[in-house]
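Q: Could you walk me through this structure before I set anything up? I'll ask as we go.

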Amino acid sequence: MPTDTHVPTSATAPARARAVPPRRRGAKKLPNPLSALVLVLFLVFFVLPVLWLVLAATKTDDQLVHGNPLSFGSWRALADNWTALTSFGDNAIFRWLGNSAVYSFVALVITLCVAIPAGYALAMTEFRGRRTLLVATLVVMLMPNATLVVPLFLEVNAVHLIGSMWSVILPYSFYPFGVYLTYIYFSTAVPRDLIAAAKLDGCTSFGVFRHVALPLATPIVALVGFFSFVANWTNYFLPYVLLPQSDQFPVQVGLGTLLNAVPQFNPTVGTAAVQRPELALATLLAITPVLVVFLFSQRFLVAGMLAGATKE
């Protein structure tokens, strides 16, 4: 006769499974206190200064000194600070912003046209002196920018470009970090078999780069472009040395001019005085283009930073 072989599930369950108490519903994992402490430190050292800078532009000079540092001033004070800032030097702030835009974007175009092919050549081709060139690129990349100002000044002066926009654009375009970053990307993220297959199909070396490698390098192009733009926009020392006239200054050097026009920092200022809230407003205008570029290119930046991190 057939026998009933069904055994209750509870009887067949392992003993160790029955010994594990069920997790209570609604139980939440306690946050790591170290992570919370790190977030608080980041908030104090990075967010609060930016918040103070934004609020400082909405105050009068007296409110900025004697009022609550994290309080909002008034829209009227913001409008007055804007009027005073734009009237300084006959709209000098907009002229400086325009100069920074021209210097940064022209240098950015040259950088991308040079750094991307150079990194590709270093990664995908073998030629005499390749290792020496790669080491020299790495050494120059690690050198502080201030150490290169005097040699660059001598070189630019030798070709009689001092005082022209090219005296800033050409040194900006020399971006060894972009070359090395592109070299790392093509060495790790682009399969050499794909390049070899394209050559077997009849592509020339430039055709392989144009139709195969470059479309795959969109994330790294965006990453190099962003870093180059930020480095060009925030550069102070080089244009300060190479550009003699204030009409040619980028906005970073222009902020130094505004700082010298604040009576609290320079008692010898005459009638063309600038108050501290106006200086805060000018600083916000100087950093806004970088924030805008970052927000629009954030997706490509994340993809570029992760490129080559994993292999299929």
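Q: Which helix does Ser100 lie in?
A: Ser100 lies in helix H6; keep in mind that this is a predicted model.

Q: Buried or exposed? And what does Ser100 touch?
A: Ser100 counts as buried, with a relative accessibility of 2%. Leaving aside residues up to four places away in sequence, Ser100 touches Trp233, Pro250 and Val251.

Q: OK, stepping back, what does the secondary structure of the protein come to?
A: The protein has 17 helices and zero strands.

Q: How much of the protein is buried, and what about the accessible surface?
A: Of the 312 residues in the protein, 33% are buried. The accessible surface comes to about 19800 Å², and 67% of that surface belongs to carbon and sulfur atoms.

Q: And the contacts, what share join residues at least 24 apart?
A: That share is 70%, taken among contacts between residues at least 6 apart in sequence.

Q: Switching to aromatics, how many pairs are there?
A: The structure holds 14 aromatic pairs. One of them joins Tyr120 and Phe209, whose ring centres are 5.0 Å apart and whose planes are at 50 degrees, so the pair is tilted.

Q: Where do Tyr120 and Phe209 lie?
A: Tyr120 lies in helix H6 (residues 92-124) and Phe209 in helix H12 (residues 205-216), so the pair ties together parts that are 89 residues apart in sequence. Tyr120 is buried, with a relative accessible area of 10%, and Phe209 is buried with a relative accessible area of 10%.

Q: How are the rings of Phe226 and Phe294 placed?
A: The ring centres of Phe226 and Phe294 are 5.8 Å apart with planes at 50 degrees, so that pair is tilted. Phe226 belongs to helix H13 (residues 218-234) and Phe294 to helix H16 (residues 276-296), so the pair ties together parts 68 residues apart in sequence. Phe226 counts as buried at 12% relative accessibility, whereas Phe294 is partly exposed, with a relative accessible area of 33%.

Q: Which aromatic cluster do they form?
A: Phe226 and Phe294 form one aromatic cluster together with Tyr175, Phe177 and Phe227.

Q: Now helix H9, why is it described as largely enclosed?
A: Helix H9 covers residues 166-173, and six of its eight residues are buried, so the rest of the structure largely encloses it. The buried residues are Ser167, Val168, Ile169, Pro171, Tyr172 and Ser173.

Q: What do the buried residues of H9 pack against?
A: They pack against H6, helix H8 (149-158), H13 and helix H14 (237-242).

Q: Which loop holds Phe265, and what does Phe265 touch?
A: Phe265 is in the loop between helix H15 (251-260) and H16. Not counting residues up to four places away in sequence, Phe265 touches Leu259, Arg276 and Leu279. The C-alpha atoms of Phe265 and Arg276 are separated by 9.6 Å, with the two residues eleven apart along the chain.

Q: Last topic, backbone angles: what is phi of Asn91, and where does Asn91 lie?
A: Asn91 has a positive phi of about 60 degrees although it is not a glycine, and Asn91 lies in the loop between helix H5 (75-87) and H6. Asn91 is partly exposed, with a relative accessible area of 36%.

Q: And what about His160?
A: His160, also a residue other than glycine, has a positive phi near 60 degrees. His160 is in the loop between H8 and H9 and counts as exposed, at 70% relative accessibility.

Conventions: Residues are numbered from 1 along each chain as its sequence is written. This is a predicted model: local features need pLDDT of at least 70, side-chain atom pairs count only at pLDDT 80 or more; totals for chains, interfaces and linings use all residues. Side-chain values use heavy atoms; hydrogens and water are left out. Rings of Phe, Tyr and Trp (its six-membered ring) pair if their centres lie within 6.5 Å; planes under 30 degrees apart count as stacked, over 60 as edge-to-face and the rest as tilted. Helices (H or I, at least four residues) and strands (E, at least two) are DSSP runs, numbered from the N terminus. Buried means under 20% relative accessible area, exposed over 50%, partly exposed in between (1.4 Å probe, protein chains only). Contact means heavy atoms within 4.5 Å. Accessible areas come from the Shrake-Rupley method with a 1.4 Å probe; for residues, only the protein chains shown count as cover.
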